[in-house]
Amino acid sequence: MILIVDDKPENIFSLKTILELHSFPTDTALSGEEALKKILRQSYALIILDVQMPGMDGFEVAEAISGYSKARDIPIIFLSAANTDKKFITKGYSSGGMDYITKPIDPDILLLKVKTFYRLYEQNRELNRIQASLRSEIEFRKKVEGELQERAGELHSILESLPQIAFTTRADGKIEFVNQQWLKYAPSKTEFPPTHSDDPNLARQWEKTVATGSALEMEVRIRRNDAEEYRFHLLRVIPIREGEMISKWVGTFTDIEDQKQAVRKKDEFISIASHELKTPLTTIKAYVQLLDRSIDEPDPTKLYVERTLVQVKKLDDLIVDLLDLSKIESGKLKFNKKLFKFDAMLSNAIEMIRQTYPDYKIVQRGEADIELYGDEMRIEQVVINYLTNAVKYSPDIKEIHIDTGVQEDGRLFVQVRDFGIGIRKDHQSNIFSKFYRVEETANRFQGLGIGLYICAEIIRRHEGEFGVESEPGKGSAFYFMVPVTQAHSYQPQ
Ligand code: ADP
């Protein structure tokens with residue numbers, strides 16, 4: 001908006017007409033005082049100011065304007081009589097743009113000047129806008145940077161207080177911060193601790209991790225700079241994300257040597273103890289079996305001997321499980337795979353369970369008249385384990401269903417279903433883990449929690465899959481699938 005200040009309405013009228021004809025919005029004031037009031041209230045792009053006015057003249061108005069911080073940059077075009085000395089025109093107004101036009105006004109010159117100032121004003125306004133947005137951007141960045149630094153500071157204090165070796169890296173994997181513990185193991189603040197010669201090199205491993213963008217968890221042996229002995233550490237590094245992007249990585253090395261040794265000792269103990277127990281037990285079993293054969297039916301001691309044999313068998317099974325466990329731990333669980341008749345093996349297993357638990361009804365469904373390539377004894381072990389668990393965990397409903405068949409994908413399917421206590425959903429994914437027993441029922445049913453772990457290992461080693469479907473109070477269905485070459489069509493019910 002352009003403000004025209006003149007004491008003569010006819011002058012104002014002619015100026016206003018010229019400007020509005022060229023689409024410039026205008027405002028008017030008939031005196032210096034009125035002009036100043038308007039300038040205070042509104043912002044103008046340009047002021048056209050008559051020099052000679054009664055009361056405040058144009059110079060005084062300009063001088064007053066230069067004192068207003070809000071208005072001092074508004075350009076002014078003075079309207080002066082032809083004979084006004086130029087030096088008077090510059091008087092009192094030093095900031096903002098300025099020009100003058102002599103009367104009588106030449107409309108072309110007026111428009112030229114107005115256009116120039118208007119363009120300047122617009123450019124200025126644009127510059128101011130850009131400047132303001134840049135300033136706010138800078139402010140914002142400063143604030144964010146400050147916050148980030150504060151957060152990094154907090155994180156560093158936390159990492160410094162940890163007993164573990166801790167560090168952070170930039171998104172590209174370059175080490176950024178290390179705590180004091182790091183320096184006890186690493187050659188410098190920017191290099192990873194060297195690992196045992198049998199373990200992977202950490203710098204290389206780290207490069208791969210950064211490329212994949214997913215968390216790293218591995219066990220490595222590292223040693224203190226002042227020690228000879230390497231100790232196992234668990235290295236965990238996780239990416240910190242801001243939205244989709246990784247902003248940094250945070251990692252720790254935790255000394256797990258003592259736990260490792262404890263596990264090693266426990267494994268050694270289980271292995272030695274089960275071997276040591278197995279030999280005398282085998283002898284006891286042989287003698288009790290001899291005794292059993294030497295006593296004839298009417299003798300009441302035969303009953304005791306038979307009961308002893310049942311208990312000896314239970315003990316023997318436990319020890320065999322413990323031996324298998326230590327073989328799995330040491331990678332020595334061997335498989336003797338060859339083709340065998342699956343149906344025959346299954347009938348044997350079921351027969352054995354029927355004899356041991358005569359009050360249980362075992363319903364066999366489906367068929368699997370195939371030759372399976374695998375370790376017959378081990379597959380039988382899985383089936384017997386599923387069946388004995390079905391018996392053990394269904395003390396009330398004494399019926400068990402066993403479904404077998406070959407699926408469309410060519411795999412053998414075996415499922416043992418009971419109608420016993422069932423397993424809660426949150427336990428189901430754990431029961432194939434080592435030593436896992438459902439706590440609520442652990443006291444009621446004896447066991448070591450390794451049977452299913454061994455089954456899982458056996459099935460895995462046959463490239464198979466396993467699982468359970470169960471509902472508390474309704475029973476469980478344990479199943480496994482292993483590949484076979486012969487295909488029959490079968491749909492599990
Ligand atoms: P164990 O029976 O010696 O405890 P397993 O490894 O055979 O060990 O089984 C692990 C756990 O899974 C058991 O302790 C029990 O809680 C649960 N479980 C296994 N089979 C069944 C089943 N048929 N019904 C209900 N729970 C079962």
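In β10, Lys248 is the residue that stands opposite Ile240. The two strands concerned, β9 (residues 231–242) and β10, run antiparallel and are joined by 10 bridges. The model is predicted.

- β9 and β10 make up a hairpin, with 2 residues between the strands.
- Gly243 lies in the turn of this hairpin and has a positive phi of about 65°.
- β10 (residues 245–255) also pairs with strand β6 (residues 165–170), in the antiparallel sense and over 6 bridges.

**The parallel sheet, β1 to β5**

- An open sheet is formed by 5 strands, with parallel pairing and the order β2-β1-β3-β4-β5.
- At its edges are β2 (26–29) and β5 (98–102), each of which pairs on one side only.
- On average, neighbouring strands of this sheet are turned by 20° against each other, direction ignored.
- Within the sheet, strand β1 (residues 2–5) runs parallel to strand β3 (residues 46–50), and 4 bridges join the two.
- Val5 has Leu49 of β3 standing opposite.
- Helix α5 (residues 107–161) packs on this sheet and touches β1, β3, β4 (76–80) and β5.
- The direction of α5 makes about 170° with that of β5.

**The mixed sheet, β12 to β17**

- Another open sheet has 5 strands in the order β12-β14-β15-β17-β16, and its pairing is mixed.
- Its edge strands, β12 (361–365) and β16 (465–471), each pair on one side only.
- From one strand to the next, the twist averages 15°.
- β12 and strand β14 (residues 399–406) run parallel and are joined by 5 bridges.
- Opposite Gln364 stands Ile402 in β14.
- Helix α10 (residues 342–356) packs on the sheet, where β12, β14 and β15 (411–418) are the strands touched.
- Between the direction of α10 and that of β12 the angle is about 165°.

**Surroundings of the ligand**

- There are 19 residues around the ligand, and those that come nearest are Asn389, Tyr393, Asp418, Arg437 and Leu452.
- By class, 10 residues of the shell are nonpolar, 6 are polar and 3 are charged.
- At least two residues of the shell come from each of α11 (376–392), α14 (451–460) and β17 (475–483).
- β17 is also one of the strands of the mixed sheet.
- A polar backbone atom of Leu448 is 3.1 Å from an oxygen atom of the ligand.
- For Gly451, the distance from a polar backbone atom to an oxygen atom of the ligand is 3.2 Å.
- Val438 has a backbone N or O atom that lies 3.2 Å from an oxygen atom of the ligand.
- The ligand taken alone exposes 530 Å², and the protein buries 97% of that area.

**Backbone features in loops**

- Between Lys103 and Pro104 the peptide bond is cis, and its omega is near -5°.
- Phe435 has a phi near 65°, which is a positive value in a residue other than glycine.
- The loop that holds Phe435 is the one between α12 (425–428) and α13 (439–442).

Notes: Residues are numbered from 1 along each chain as its sequence is written. This is a predicted model: local features need pLDDT of at least 70, side-chain atom pairs count only at pLDDT 80 or more; totals for chains, interfaces and linings use all residues. Side-chain values use heavy atoms; hydrogens and water are left out. A residue is near a molecule or strand if one of its heavy atoms lies within 4 Å of it. A polar contact is a pair of N or O atoms within 3.5 Å; within protein, one must be able to donate a hydrogen and the other to accept it, and residues adjacent in sequence count only if both atoms are side-chain atoms. Accessible areas come from the Shrake-Rupley method with a 1.4 Å probe; for residues, only the protein chains shown count as cover. Ala, Val, Leu, Ile, Met, Phe, Trp, Tyr, Cys and Pro count as nonpolar, Asp, Glu, Lys and Arg as charged, and the others, Gly among them, as polar. Two strands pair if DSSP finds at least two bridges between them. Axes are lines fitted to C-alpha atoms, for helices over the stretch in contact, and angles run from 0 to 180 degrees between N-to-C directions. Contact means heavy atoms within 4.5 Å.
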